[in-house]
Amino acid sequence: PPYAAAVQICNQYNLFSTTAPEMNCETIISSEIHRIQSNEMALHGSGGRGVHQGEYFLKSNLMEHELMLRGHSISEGHVGLSSKKVDYLSRLSGSPLIQNIVQVGLNAGHSAIIFLESNPNAVISSIDSIFHEYTRSASNILTEWYRDRHFLTIGRSQDVLFSETHIRTSKNQSLVPWYNTDLYFIDGDHTYDAALSDILNGCSLLAPRCDTKREMFLVMDDVGPGCHFQPVDGIYSANSCEASSAWKDAIARGVIVELDSMDAHEYNRITSLVVGKCICDGVIV
């Protein structure tokens, strides 16, 4: 379970809480997991919106229809194939605590739709190398729908996070530093080196704010058990072996701590995601 592994990492790296240095690791990790659960449920009576499944699938189908009209066909899977994953990401991003979201990998815009529909105050900065030409069209459609709440930076995430120092946010398109990110969603290149780099780069965003109380949730898609490409007992897996290894190695290095995970068994496939936080100067941030 994430709790036991997180406590082990906490003890191994002598982590502490800036707000209560006397807390032991069991208390620290329990508190962090509670924060994630509270964030997921913040849409109940706290101003968060979330997105109804019907709303999301309507917009998702409209996106695919618009792309088809523009001469494109989607050649990769997406988070919208799992209703359980849509619900989880909606609840996590729908919190009023989330304002600035950076996502690595836009593809056809399905995850961006979840975030934008779930949280009317959030601004999404996507990074994508435009491996598929339909991604550019998807970004244009998102701009048509959501105006200045979605921005696309074209390039490899491993390069962009250091060559670009600011993200665009708010309706007047003002610039804020990358480290103001509240939710960092990784769903790009799932090779080991790229996935590990995206994790390390994400945590490096926090370096200027290690001594602050601002939080960032780190979410990685397609990481979890059963990363086989061929069906096992009739079950296919959408998870990536290399990205899963990168996540585990980042934990072993003391870069991140895993606080939650989600496995969705739907139809004949399994798809997963993980949620964690970065370790910055001995503090979980």
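Eight salt bridges are present in the structure, a salt bridge being a side-chain nitrogen of Lys or Arg within 4 Å of a carboxyl oxygen of Asp or Glu. The model is predicted, so local features need pLDDT of at least 70 and side-chain atom pairs count only at pLDDT 80 or more, while totals for chains, interfaces and linings use all residues. Residues are numbered from 1 along each chain as its sequence is written, and side-chain values use heavy atoms, with hydrogens and water left out.

One of the salt bridges pairs Arg70 with Glu144, with 3.1 Å between the closest N and O atoms. Arg70 is in the loop between α3 (53-69) and α4 (83-93), whereas Glu144 belongs to helix α6 (residues 134-146), so the pair ties together parts that are 74 residues apart in sequence. Helices (H or I, at least four residues) are DSSP runs, numbered from the N terminus. Arg70 is partly exposed at 34% relative accessibility, and Glu144 is partly exposed at 41%; the term covers values between buried (under 20% relative accessible area) and exposed (over 50%), with a 1.4 Å probe and protein chains only.

Within helix α4, Asp87 and Arg91 lie four residues apart, about one turn of the helix. Their side chains form a salt bridge with an N to O distance of 3.1 Å. Asp87 has a relative accessible area of 33% and is partly exposed.

A further salt bridge joins the side chains of Asp159 and Arg156, at 3.3 Å from N to O. Asp159 is partly exposed at 43% relative accessibility, as is Arg156 at 45%.

Conventions:
Helices (H or I, at least four residues) and strands (E, at least two) are DSSP runs, numbered from the N terminus.
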